[in-house]
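I opened this entry to look up two things.

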Amino acid sequence: MNRTRIGPRDCECVQRIEATCGESPMWSVRERALYWTDNLGGAIHRLQPENGDERTFLLGRNVMAIAVRERGGLVLALAKELAFYEPGGELEPIEAVEQDKPQNRFNDGKVDPHGRLWAGTMDDVDWDAPSGSLYRLDPSLAVSRLQGEVACANGLGWSPDGRTFYFGESFRYTVFAYDFEPDTGALAGRRAFATVDRSSGAFPDGLTVDAEGGVWSVHNGAGRVVRYAPDGEVTHEVETPVSQPTSCIFGGRDLDVLYITTSRQNLTPEQLERYPLSGSVLAVRPGVNGMAEPLFQG
């Protein structure tokens with residue numbers, strides 16, 4: 001199969017900003033707005049691309065993942081706890097995790113088709129240490145630990161039929177696929193779906209799944225986003241004008257725009273001069289439509 005290649009010039013900068021580490025883009029269909037976090041800057045950003053309205057909410061807390069609630073507002077994975085947040089209001093804590101692991105923090109999260117929030121942790125000092133876990137927050141607000149020995153949780157998504165779960169472990173350099181039981185949220189049949197050559201300097205970061213079942217995986221360190229067909233074959237490659245893209249989500253009125261967050265974390269002055277858009281939000285139209293992200297039902 002011929003790969004569709006999208007070059008840096010096809011990437012539009014839709015929000016020029018110097019975020020330390022932009023992450024967790026989330027498209028709100030009802031607001032036609034993109035939420036994303038500068039997870040080390042303690043800020044949540046909201047962009048309405050149609051009118052250019054930009055808002056920033058400073059929490060004073062590192063925000064690792066964002067999801068939208070059915071009843072309004074957001075549910076967040078902070079460094080060590082889950083919480084509700086009404087933009088501009090106060091945080092409402094839900095539950096803390098891994099208090100016995102001071103180096104660990106949450107790193108990414110996403111809502112499944114039944115309205116449950118999934119979020120994973122990582123070691124924030126030894127990034128490749130397999131000390132993270134994968135958690136599920138049910139609408140009842142019960143928290144379950146589904147998996148341990150995770151080497152930097154990163155990138156979550158579900159197939160269009162809701163029966164395959166994708167979960168990246170950055171420093172196993174692998175996106176894993178699982179059999180997913182929609183009603184109970186049980187996992188089985190863990191297997192490698194896609195891998196990144198660890199000698200390339202890249203690792204799999206955030207991901208999203210399109211309406212055709214393609215998995216768009218961000219390769220942080222290589223400046224690209226790769227689409228894998230459901231059988232694992234690479235069909236698209238997006239080369240970005242930055243070295244550290246972090247995550248992606250489909251948005252826009254027709255869910256045909258792929259928004260890409262980026263990072264400038266640990267870049268040298270020379271690298272920042274070479275990649276001046278690092279920290280900004282990029283967008284491409286890859287010719288494929290995404291799916292509306294489920295809302296948290298709690």
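**Sheet and cavity**

I started with the sheet, working from a predicted model. Four strands make up an open sheet, and I read their order as β7-β8-β9-β10. The pairing is antiparallel. I then asked which strands are at the edges. They are β7 (63–68) and β10 (91–96), each of which pairs on one side only. I also looked up the twist: from one strand to the next, it averages 25°.

Next I went to one strand pair within this sheet. Strand β8 covers residues 74–78 and strand β9 covers residues 81–85. How many bridges join them? I found four, and the two strands run antiparallel.

With a cut-off of 30 Å³ or more, I counted one cavity. The largest cavity holds about 50 Å³ of space.

What lines it? My list for the largest cavity reads S24, P25, M26, I66, D108, G109, K110, G206, L207, S247, C248 and I249. I sorted this lining by residue class: six are nonpolar, four polar and two charged.

Last, I checked which strands supply at least two residues each to the lining of the largest cavity. They are β3 (22–28), β11 (104–111), β19 (203–209) and β23 (245–251). I66 is also in the lining, and its number falls in the range of edge strand β7 (63–68).

Methods:
Residues are numbered from 1 along each chain as its sequence is written. This is a predicted model: local features need pLDDT of at least 70, side-chain atom pairs count only at pLDDT 80 or more; totals for chains, interfaces and linings use all residues. Side-chain values use heavy atoms; hydrogens and water are left out. On a 1 Å grid over the protein atoms alone, a cavity is a set of points where a 1.4 Å probe fits but cannot get out, and a pocket is an open set with protein on both sides within 12 Å along at least five of seven lines; lining residues have an atom within 4 Å of a point. Grid points are joined across faces, edges and corners, and a volume is the space filled by probe spheres set on the points. Ala, Val, Leu, Ile, Met, Phe, Trp, Tyr, Cys and Pro count as nonpolar, Asp, Glu, Lys and Arg as charged, and the others, Gly among them, as polar. Two strands pair if DSSP finds at least two bridges between them. Axes are lines fitted to C-alpha atoms, for helices over the stretch in contact, and angles run from 0 to 180 degrees between N-to-C directions.
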